[in-house]
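Here is a short walk through one structure. Take a look at the whole fold before reading on.

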Amino acid sequence: DLDDFHKIKQTRMIYTKPQILNPPRSDVLMMTPWFAPIVWEGTYNSEILNEQFRQRNVTVGLTAFAIKKYVVFLKKFLETAETYFMVGHRVNYYIFTDRPEEVPKVALKEGRNVVVLQVQNYPRWQEISMRRMEMISCFSQQQFINEVSYLVCVDVDMRFNDQVGVEILSNLFGTLHPGFYAAERQSFTYERRPASQAYVPRDEGDFYYAGGFFGGTVMEVYKLTKKCHEAIMMDKAKGIEAIWQEESHLNKYFVYHKPTKILSPEYLWDDYLGRREILKKRRFLAVPKNHAAIRNK
Ligand code: 2GW
Ligand code: MN
C-alpha cells in the first residue's frame, strides 16, 4: 500500500556516518544546479542502496544492439555483465539482433535472463545507431513496461570492468561523455545547424552526454526514445542528419528535460584517453575495435 511504498525501512547496518564538514569528494561536482546527483566513486553507500532496491524487488532491463558483425561483442559483454552489472538484483538482458542464432549462450546467475529480440538490419551504420531510438521506444511500450522497472541502454562494443549497480538508477539518467566532461559549453559537439531538430544554441546546454549509456524508468525512457526518434524522422524528411546521429538528439533532449541523475565517466570510459586522477574506478570500458574490419559489411 501507499505507506509501504514511501516508508523504506532500513535494517540495522554499521557504517561511518556522513560528514557534513568533510564531503567525500572535493575534486568533482557531486550535484547539478537542479539537484541531480552526479555519481562518483566514494559518494554513495552501496549497502544502503542495495537494501532499498531489494525491498522493492526491482527488475532492471539492459538493452544492447548487436546488428551484423557486432554480435562478436556479445560474449564478453554478457560475461562481464554477469560479474559486475546489478549484482544481487533481477536483470533482463534485451539483445536486439538480426542474427539470433549467433547470440552466445552465457551462464547466468539466478534471477537473470537473456531475451533475444529479432530486428531488421539497416545498410548504413548511421541508421543502425539511430534506429535504436525507434526500437527501444517500440519495445518499451509493447513489452518492457510489463517486465522491468528501469531500462539501462548501452553500446555493445563494451565490457564491464567494475561494479555498476543500483546507484545509477533514477527516473531519467545520462552519462558524462568521457571526452567532454571538462570541456567548455562552446566546445561541446552539439548539433549546431538550426535546421536540425537536434540544434542546441551556443549559449545553452549543461553537459555533453554520451549516446552509449542512458536510462531511467521504462516510462521516461519511452518518452525520451520516442521524442528522439520523431526528431530523427523530421530531420530525415528534410534531408538532414545530426552530426553525431542519435547522440545529438539525446543531448538536445537533456537540455530541455533535465536528467534526475548523472553518471560520471567512470560509467563510460575508453582507455585510449589514458588514466585520470579523478577516476577511482573504470566500470564500463570501450573494447578496442578494428574499425575497418568490423564496420565494413
Ligand atoms: C556502427 C558503426 C559503423 C559500422 C557499424 C556499426 C554498428 C553499430 C553495427 O554494425 N552493428 C551494431 O549493432 N551497432 C550498434 O550501434 C552497437 O550496439 C554499437 O555499440 C552501437 C553504436 O555504434 P558504435 O559503438 O560502433 O559507435 P561508437 O562507439 O562510435 O559510438 C558512439 O557514437 C554513436 C553515434 O555515432 C552512438 O551515439 C553511440 O551510442 C556512441 O557511443
Ligand atoms: Mn560504441
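In what order do the eight strands of the open sheet lie? The order is E1-E9-E7-E8-E5-E2-E3-E4, and the pairing is mixed. This is a predicted model. Strands of a sheet pair through backbone hydrogen bonds, either parallel or antiparallel.

Start at the edges. They are strand E1 (38-39) and strand E4 (112-118), and each pairs on one side only. E1 pairs with strand E9 (residues 261-263) in the parallel sense, over two bridges. Within E9, Leu-263 is the bridge partner of Val-39.

Helices come next. Helix H3 (residues 74-84) packs on the sheet. H3 touches strand E2 (59-66), strand E3 (90-97), E4 and strand E5 (150-154). The direction of H3 makes about 170° with that of E3. Helix H5 (residues 218-237) lies across E5, strand E7 (172-176) and strand E8 (209-217). H5 runs at about 135° to E8.

Now turn to the ligands. Ligand 1 is surrounded by 19 residues. The closest are Phe-65, Tyr-70, Asp-155, Gln-245 and Glu-246. Oxygen atoms of ligand 1 take part in several contacts. A polar side-chain atom of Tyr-70 lies 2.5 Å from one such oxygen atom. For a backbone N or O atom of Val-156, the distance to an oxygen atom of ligand 1 is 3.1 Å. For a polar side-chain atom of Asp-157, it is 2.9 Å.

Asp-157 also coordinates the manganese ion (ligand 2), as does Asp-155, at 2.2 to 2.5 Å. Are these two residues buried or exposed? Asp-157 is buried, with a relative accessible area of 7%. Asp-155 is partly exposed, at 22%.

Technical notes
Residues numbered from 1 in each chain as written. Chains lettered and ligands numbered in written order. Predicted model: local features only at pLDDT ≥ 70, side-chain atom pairs only at ≥ 80, totals over all residues. Heavy atoms only, no water. Donors = N, O, S within 2.8 Å, 3.2 Å for Na, K, Ca; no water. Buried < 20%, exposed > 50% of the residue type's maximum accessible area, 1.4 Å probe, protein only. Pairing = 2+ DSSP bridges. Helix = DSSP H or I, 4+ residues; strand = E, 2+ residues; numbered from the N terminus. Contact = heavy atoms within 4.5 Å. Axes fitted to C-alpha atoms, helices over the stretch in contact; angles between N-to-C directions. Near = heavy atom within 4 Å. Polar contact = N/O pair within 3.5 Å; in protein donor to acceptor, adjacent residues only side chain to side chain.
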